[in-house]
Amino acid sequence: MSILDYETVALNESRDAMRIIDQTLLPGRTEIIELKTAQEIWDAIYLLKVRGAPAIGVAAGYGIYILAKKIADEVNSTDDFYAEYSRQSDYLNSARPTAVNLSWALKRMDGVCREAIEHVKASPVNNALLYIVDRLYDEAAAIQQEDIDTCKQIGEYGLSLIKPGDGLLTHCNAGQLATSRYGTATAPMYLGHERGYGLHIYCDETRPLLQGARLTAYELQSAGMDVTLLCDNMSASLMKQGKINAVFVGCDRMAANGDFANKIGTLVVATVAKRYGVPFYVCVPSSSIDMNTPDGDHIIIEQRPDKEVTEMWYNERMAPEGVKVYNPAFDVTDHELVTAVITERGIARAPFNESISELLSKPVDKGV
C-alpha cells in the first residue's frame, strides 16, 4: 500500500476511537494509532502525530465527538453533559494556539451541541443525549467532507495559475497528510499530475522538524511525481537560476489583511521570491482565515521545545549544552509579499483586506 491509501484522520468501525497516521514515524514506518481519551487526542495534536491546520480541524471534530459519547454514558442530565463537554472542548483547544482550524472546528461543534440541547429540552434524558451525540457525529463528518471538497476547489483554482512543465516550490507539508485529501498547497500539484502537466516539484526540507523531507517529498514521490528535495537555505539558488516558476504554501492562520502564519521559514521563501519575481501563492481554506485578527502582529506564535533544534534526528546532540534556543513553530509573512491568496471560493489579490472579505461573502462555486 502507498501512504496515499491511508486516511489521515478517521473513526474506527464502532466510532469510539479516532484513527490517525502517526506522522512522527514517517517515512520510515507507517503506523495507524487509535485515540480514545482526551489526553491521547491532546497529545497527538501537540506532538504533531496529526498536524496541518485542516487535519487538526477534522481531528478536533471527531475527537470531541468521541469524548461526547463517553460523557453521555456518565451523566444524568443535559446540563451535566454540557458542563463536561465544554471542559473537554477547552482542553483540546489548548493543544496548539496558532492553527485556527482547531478552535474553529471546536467552536462549530459547540454551536451544534447547544442547538441540539435546546431542541431536546423536553425529551427524556437518554433520548436527548443520544440525539445530541448523533448530531455531533453528523457535524464532524461534515467537517471532513467539506475539507475534501475545499482542497479540490483550491487545487482547481491553483492549477489555473500554472502551466505544464512548471517548476513549483513548496515549504513544509500542506499535502494530503495535512488534510483529508489532496492537500492545500499540493492540490494543484496532484491535479496537475493527474492531468499530465509534467510538473517539477521542489520541496524544502523544513527545519527543524523536517516536514518537507519526511512528509511532502514522501507523499508526492509516492504519487509518482517528479520531486527534488532541498535544504531550506537552497531555494534562493534555484530561484536565481530560473528553475522555480511559482511558490505554493499552506497557511495555519490568515489575518484579515492577508498577513499569515505558516511553518517557520515561509517568510524567508516569500522574501526571496519577491526578490526574483517568482509568484508566491498562499493556499488557504476559508476556515483558516480569521477575520477577527486584524493583522499578523496579533497572531499568537507557538514556541516549541529546544530539543527539536539541538538533538532531535541526531545520534548525538549537535549543539552545546546550555545554549539558548529560539524555536518558533511559525513565522508571519507580510501580505505585501503575497501574489495571491487561493481559497475554495476563488482567488484574492491585493488589496487583500477588501478582496478576502469579498470572497468570504460569496458561496463556493462547485463548477470550478
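**View 1. Helix α2 and strand β9 at the largest cavity.** α2 (53-74) and β9 (260-263) each contribute at least two residues to the lining of the largest cavity. Please keep in mind that this is a predicted model. The volume of the largest cavity is about 190 Å³. Among the 21 residues that line it, Arg51, Gly52, Ala53, Asn173 and Asp252 are the closest to its centre.

View 2. Let us turn to the second largest cavity, which holds about 40 Å³ of space. Its lining includes Pro208, Leu209 and Gln211, together with Lys263 and Ile264. Arg304, Glu308, Asn327, Pro328 and Ala329 also line the second largest cavity. By type, this lining divides into five nonpolar, two polar and three charged residues.

**View 3. Tyrosine 314 in its loop.** Here you can find tyrosine 314 in the loop that lies between α10 (307-310) and β12 (330-333). The relative accessible area of tyrosine 314 is 34%, so this residue counts as partly exposed, a class that runs between the 20% and 50% cut-offs. Leaving aside residues up to four places away in sequence, tyrosine 314 touches Arg207 and Val309.

**View 4. Tyrosine 314 and glutamine 241.** For this pair, look at the C-alpha atoms: those of tyrosine 314 and glutamine 241 are separated by 32 Å. Along the chain, the two residues are 73 residues apart.

Definitions and conventions: Residues are numbered from 1 along each chain as its sequence is written. This is a predicted model: local features need pLDDT of at least 70, side-chain atom pairs count only at pLDDT 80 or more; totals for chains, interfaces and linings use all residues. Side-chain values use heavy atoms; hydrogens and water are left out. On a 1 Å grid over the protein atoms alone, a cavity is a set of points where a 1.4 Å probe fits but cannot get out, and a pocket is an open set with protein on both sides within 12 Å along at least five of seven lines; lining residues have an atom within 4 Å of a point. Grid points are joined across faces, edges and corners, and a volume is the space filled by probe spheres set on the points. Helices (H or I, at least four residues) and strands (E, at least two) are DSSP runs, numbered from the N terminus. Ala, Val, Leu, Ile, Met, Phe, Trp, Tyr, Cys and Pro count as nonpolar, Asp, Glu, Lys and Arg as charged, and the others, Gly among them, as polar. Buried means under 20% relative accessible area, exposed over 50%, partly exposed in between (1.4 Å probe, protein chains only). Contact means heavy atoms within 4.5 Å.
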